[in-house]
Amino acid sequence: MVIHGAVIIEQGVTFAVISVKPHVTQYTARLTSFRQEMSSFFPNMPIILMSQDASGRPHYYGRKDIVDFLKTIRLSQIPWKEYHVY
């Protein structure tokens with residue numbers, strides 16, 4: 001599986017941001033399950049999921065302090081790359 005994500009270090013905190021389709025973040029059970037699944041590929045770091053609404057506006061799900069930080073930056077400032085996870 002190929003995912004689009006980024007590992008970011010901000011103020012001494014290393015975390016992962018993963019772009020997902022809105023249906024993943026629509027239900028808490030799916031969101032939680034996907035984050036747990038991804039934790040083996042991004043060990044020991046908080047995982048934030050990002051989905052976009054119909055107008056392209058990002059919505060972040062995860063640790064509140066990190067979500068608050070991500071809301072202050074543009075989507076293009078995130079160093080996205082492809083990760084091949086199995």
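Predicted model: local features only at pLDDT ≥ 70, side-chain atom pairs only at ≥ 80, totals over all residues.
Colleague: Okay, which residues have the most contacts inside the largest nonpolar core?

Modeller: They are Ile3, Ile18, Phe34, Met38, Phe42, Ile47 and Leu49, in a core of 13 residues. Strand 2 (13–19), helix 2 (28–38) and strand 3 (47–52) each supply at least two residues of this core, and the largest share, 3 residues, comes from helix 2. A nonpolar core here is a set of buried Ala, Val, Leu, Ile, Met, Phe, Trp, Tyr and Cys residues joined through side-chain atoms within 4.5 Å. Buried means under 20% relative accessible area, exposed means over 50%, and partly exposed is in between, with a 1.4 Å probe and protein chains only. Helices (H or I, at least four residues) and strands (E, at least two) are DSSP runs, numbered from the N terminus.

Colleague: And what else is there, a second core?

Modeller: There is a second, separate core of 11 residues, which includes Ala6, Ile48, Ile66 and Val67.

Colleague: Back to helix 2, which of its residues are buried?

Modeller: Leu31, Phe34 and Met38 are buried in helix 2. Seen down the helix axis, the buried residues fall within an arc of 70 degrees, so they line one face of helix 2; the arc is taken from the directions from the helix axis to the C-beta atoms. Thr28, Ala29 and Gln36 are exposed on the other side of helix 2. The cover over its buried residues includes strand 1 (2–10), strand 2, helix 1 (22–26), strand 3 and strand 4 (58–61).

Colleague: What does the side chain of Thr25 make a polar contact with?

Modeller: Its partner is the side chain of Ser51, at 2.9 Å. A polar contact is a pair of N or O atoms within 3.5 Å; within protein, one must be able to donate a hydrogen and the other to accept it, and residues adjacent in sequence count only if both atoms are side-chain atoms. Thr25 is in helix 1 and is buried, at 10% relative accessibility. Not counting residues up to four places away in sequence, Thr25 also touches residues including Leu31 and Leu49, where contact means heavy atoms within 4.5 Å.

Colleague: Switching topic, where is Gln11 found?

Modeller: Gln11 is in the loop between strand 1 and strand 2, and it has a positive phi of about 50 degrees although it is not a glycine. Most residues other than glycine have a negative phi. Gln11 is exposed, with a relative accessible area of 75%.

Colleague: Last one, how many aromatic pairs does the structure hold?

Modeller: The structure holds 2 aromatic pairs. The rings of Phe15 and Phe69 have centres 6.4 Å apart and planes at 80 degrees, so the pair is edge-to-face. The rings of Phe42 and Tyr83 have centres 5.2 Å apart and planes at 75 degrees, so that pair is edge-to-face. Rings of Phe, Tyr and Trp (its six-membered ring) pair if their centres lie within 6.5 Å, with planes under 30 degrees apart counted as stacked, over 60 as edge-to-face and the rest as tilted.

Technical notes: Residues numbered from 1 in each chain as written. Heavy atoms only, no water.
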